[in-house]
Amino acid sequence: MKKFEVSYASYIVRVGKNGKYTKMTFESSHEAKSYGGKIFHDEKVDSVAVFEKHGPILLVLQKTPHG
């Protein structure tokens, strides 16, 4: 009998706060991108990147000098 392993895609949100980064993991791309968009509006956050653990970048947000 074969053993099957169930794995879920891991989506990571990397939040930049004045040069320091925090990573958070989510189970769906929608949840990760939604959270990334919400946290980007914080005035202390200067960049947000959402990507799959072993895959492509899904979303990049970076503040400009004009806000």
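Colleague: Which exposed residues does the face of H1 turned away from its buried side carry?

Modeller: His-30 and Lys-38. Exposed means over 50% relative accessible area, buried under 20%, partly exposed in between (1.4 Å probe, protein chains only). One caution: this is a predicted model, where local features need pLDDT of at least 70, side-chain atom pairs count only at pLDDT 80 or more, and totals for chains, interfaces and linings use all residues. Residues are numbered from 1 along each chain as its sequence is written, and side-chain values use heavy atoms, without hydrogens and water.

Colleague: And which residues of H1 are buried?

Modeller: Ala-32, Gly-36, Ile-39 and Phe-40. They sit on the same side of H1, because they cover an arc of only 105° around the axis, taken from the directions from the helix axis to the C-beta atoms.

Colleague: What do the buried residues of H1 pack against?

Modeller: Strands S1 (11-17), S2 (20-26), S3 and S4 (57-62). Contact here means heavy atoms within 4.5 Å. Helices (H or I, at least four residues) and strands (E, at least two) are DSSP runs, numbered from the N terminus.

Colleague: New topic. What sits over the ring of Phe-40?

Modeller: The charged end of Lys-63, 5.2 Å from the ring centre. The cut-offs are NZ of Lys or CZ of Arg within 6 Å of the centre and within 35 degrees of the ring normal.

Colleague: How far is Lys-63 from Glu-43 in space?

Modeller: 9.7 Å, C-alpha to C-alpha, and 20 residues apart in sequence. Glu-43 is in the loop between H1 (29-40) and S3 (47-52).

Colleague: Is Glu-43 buried or exposed?

Modeller: Exposed, because its relative accessibility is 75%.
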